[in-house]
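Me: I am new to this one. Please show me the structure, and then let me ask about it.

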Amino acid sequence: MKNKVSLCLCLAALFALVSCAKDDEPYPNLITEMVMSSSDAQSIFTSFTTDEGRTFQMSNAVKGPSPNVRWRFLCSYVKDDETTARVYSFIRIPLLPDCTDMENRRRDATNIASIWKGGGYINLHLLPLTQGGQQAWGFFRDSTSTNSMGGTDYFITLSHNQLNDVEAYTTDLFLSLDLDSVATTRSAADSIIFTVKTYDGKRSWTFNAE
C-alpha cells in the first residue's frame, strides 16, 4: 500500500500579506472572503476572482514566493470601484490532499468554527489546539453509495494528525477541499458527506457535489 504524505502545516507560518491603514486613516470597511489568484512570471499577484465569479484588479499588487502558480486565498479587501480593489490581507489557503492510501490513518480531534461550499470547494474554518508546531491534514475517501436520486454519495472524512504539537491554545486555520479531487465528473444528483472528528464527537455535513 502506498504511503502518501499528508499536508503538514506549521500553523503560524503560512504565506500571508497584510497591508495596514495609516494611523490617520479610518479603519476600512473590509470584505473578507475566499478567492482565487494567479501569479505572473515575476511572482506578482495582480488580480483575484471571488467564489461568485467576480474579478478585481488589485490596486496594490502582491509579491509572492513563486511564479506562475494559481492559489486559493482568504482575502480582505476594499472595493475602489466595481473592477478594482485594495487588498489588506492575502492569506494562502492550503488544499487538502487525498490521504486515502496512507497506512496510518489518523483522525485526531479538532474544533470547527464553520464549513461551507463555494467556488468549487468545501471550505473549513478550523479551531485546532496547538503550541505553534506542525500538524498534518488531508482527507480520506471512506466509501460511496448510490442515493435515491440515482446519483453518488461520496463519504469523506477529515484526516488530521496532531503529530507532536501540544494542545495548548486555540488558533484559526482555514483549509479547502477541491471538489475535483473527490470526483472530476459530478452531477446535481451527487452529494458529498463530509465528517470531522471534533472534541465533542463526530459531526457531518452534506453538500451538493455539483
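Me: Is Cys-99 buried or exposed?
Reply: This is a predicted model, where local features need pLDDT of at least 70, side-chain atom pairs count only at pLDDT 80 or more, and totals for chains, interfaces and linings use all residues. Residues are numbered from 1 along each chain as its sequence is written, and side-chain values use heavy atoms, without hydrogens and water. Buried means under 20% relative accessible area, exposed over 50%, partly exposed in between (1.4 Å probe, protein chains only). Cys-99 has 0% relative accessibility, so the label is buried.

Me: How many disulfides does the structure hold?
Reply: A disulfide is a pair of cysteine sulfur atoms within 2.5 Å. Cys-75 is buried, at 0% relative accessible area. The number of disulfides in the structure is zero.

Me: Where is Asn-147?
Reply: Asn-147 is buried, with a relative accessible area of 14%. β11 covers 134–146 and β12 covers 152–161. Asn-147 sits in the loop between β11 and β12.

Me: Which residue's backbone oxygen does the side chain of Asn-147 reach?
Reply: Contact means heavy atoms within 4.5 Å. Leaving aside neighbours within four places in sequence, Asn-147 is in contact with residues including Thr-152 and Asp-153. At 2.8 Å, the side chain of Asn-147 reaches the backbone oxygen of Ala-189.

How values were computed:
Helix = DSSP H or I, 4+ residues; strand = E, 2+ residues; numbered from the N terminus. Polar contact = N/O pair within 3.5 Å; in protein donor to acceptor, adjacent residues only side chain to side chain.
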